[in-house]
Amino acid sequence: PIWDLLVDLPETVSLDAGDALETAAGLVAVEALPEPLIEVRAAPAELIRLAWHVGNRHTPAQIEPDRLLIREDKVMADMLARLGAKVRRLMGPFRPEGGAYGPGRTHGHHHGGATDHPHPHVHDH
């Protein structure tokens with residue numbers, strides 16, 4: 001069965017399909033539900049260029065050897081098609097690449113300049 005479950009952890013954690021949470025009632029498996037995605041295909045050298053354009057727009061992407069997957073977004077799909085990509089809508093689990101600013105896909109980052117808080121911010125992972 002699929003449950004709605006609220007998990008309040010002391011820090012942000014990315015959960016992947018195959019992970020599990022331990023509860024008083026036992027283990028709860030984490031599954032990735034299908035969601036609307038755009039599949040992006042092109043020749044390898046072109047796919048690298050398209051990945052750059054996706055990243056330049058800070059769009060989460062699942063990167064595979066022969067395709068990119070992004071969440072359904074008509075503007076991005078149109079832009080990628082104009083750049084020469086073969087785009088196709090599909091439903092599937094989405095496992096975007098983690099960021100360079102910390103572990104997991106949900107770790108926030110800051111783009112220089114002013115800071116939201118006056119103290120140094122250090123991550124010891």
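Q: In what order do the elements of the chain run from the N terminus on?
A: This is a predicted model. Its elements follow one another as β-β-β-α-β-β-α-β, which makes 2 helices and 6 strands.

Q: How many residues does the chain have, and what percentage of them count as buried?
A: The chain has 125 residues, and 22% of them count as buried.

Q: What share of the contacts with a separation of 6 or more comes from residues 24 or more positions apart?
A: That share is 57% in this chain.

Q: How should I read the sheet, and what is the order of its strands?
A: The general idea is that strands of a sheet pair through backbone hydrogen bonds, in a parallel or antiparallel way. Here, 4 strands form an open sheet in the order β4-β5-β3-β6, and the pairing is antiparallel.

Q: Which strands stand at the edges?
A: They are β4 (62-64) and β6 (86-92). Each has a single partner strand, so one side of each lacks a neighbour in the sheet. On average, neighbouring strands of this sheet are turned by 25 degrees against each other, direction ignored.

Q: Over how many bridges do β4 and β5 pair?
A: Strand β5 (residues 67-71) and β4 pair over 3 bridges in the antiparallel sense. As for a specific bridge, Gln62 has Leu69 in β5 as its partner.

Q: Which strands does each helix lie across?
A: Helix α1 (residues 44-56) lies across β3 (35-41), β4 and β5, and runs at about 20 degrees to β5. Helix α2 (residues 74-82) lies across β3, β5 and β6, and its angle to β6 is about 145 degrees.

Q: Is Glu39 buried or exposed?
A: The cut-off to apply is that buried means under 20% relative accessible area. Glu39 has a relative accessibility of 4%, so Glu39 counts as buried. This residue belongs to strand β3.

Q: What does Glu39 touch, beyond residues up to four places away in sequence?
A: Glu39 touches Arg67, Leu68, Leu69, Lys86, Val87, Arg88 and Leu90. Its side chain also makes polar contacts with two arginine side chains: that of Arg41 at 3.2 Å and that of Arg67 at 2.7 Å.

Q: How many salt bridges does the count come to?
A: The count comes to 9 salt bridges. One of them joins the side chains of Arg88 and Glu39, at 3.0 Å from N to O. This pair links distant parts of the chain, with Arg88 in strand β6 and Glu39 in strand β3, 49 residues apart. Arg88 is partly exposed, with a relative accessible area of 46%, whereas Glu39 is buried at 4%.

Q: Where are the two residues of the salt bridge between Arg41 and Asp66?
A: The closest N and O atoms of Arg41 and Asp66 are 3.1 Å apart. Arg41 lies in strand β3 and Asp66 in the loop between β4 and β5, and the pair, 25 residues apart, links distant parts of the chain. Both count as partly exposed: Arg41 has 29% relative accessibility and Asp66 has 41%.

Q: Which residues are linked in a network of salt bridges?
A: The network links Glu39, Arg41, Glu64, Asp66, Arg67 and Arg88.

Q: Where do Arg49 and Glu46 lie?
A: Both are in helix α1, 3 residues apart, or about one turn of the helix. Arg49 is partly exposed at 31% relative accessible area, and Glu46 is partly exposed at 35%.

Q: Is Ile70 buried or exposed?
A: With a relative accessible area of 0%, Ile70 is buried. Ile70 is found in strand β5.

Q: How far apart are Ile70 and Glu39 in sequence and in space?
A: They are 31 residues apart in sequence, while their C-alpha atoms are 6.8 Å apart in space.

Q: Which residues is Ile70 in contact with, leaving aside its neighbours within four places in sequence?
A: Ile70 is in contact with Leu37, Ile38, Val54, Thr59, Pro60, Ala61, Met76, Leu80 and Phe94.

Notes: Residues are numbered from 1 along each chain as its sequence is written. This is a predicted model: local features need pLDDT of at least 70, side-chain atom pairs count only at pLDDT 80 or more; totals for chains, interfaces and linings use all residues. Side-chain values use heavy atoms; hydrogens and water are left out. Buried means under 20% relative accessible area, exposed over 50%, partly exposed in between (1.4 Å probe, protein chains only). Contact means heavy atoms within 4.5 Å. Two strands pair if DSSP finds at least two bridges between them. Axes are lines fitted to C-alpha atoms, for helices over the stretch in contact, and angles run from 0 to 180 degrees between N-to-C directions. A polar contact is a pair of N or O atoms within 3.5 Å; within protein, one must be able to donate a hydrogen and the other to accept it, and residues adjacent in sequence count only if both atoms are side-chain atoms. A salt bridge is a side-chain nitrogen of Lys or Arg within 4 Å of a carboxyl oxygen of Asp or Glu.
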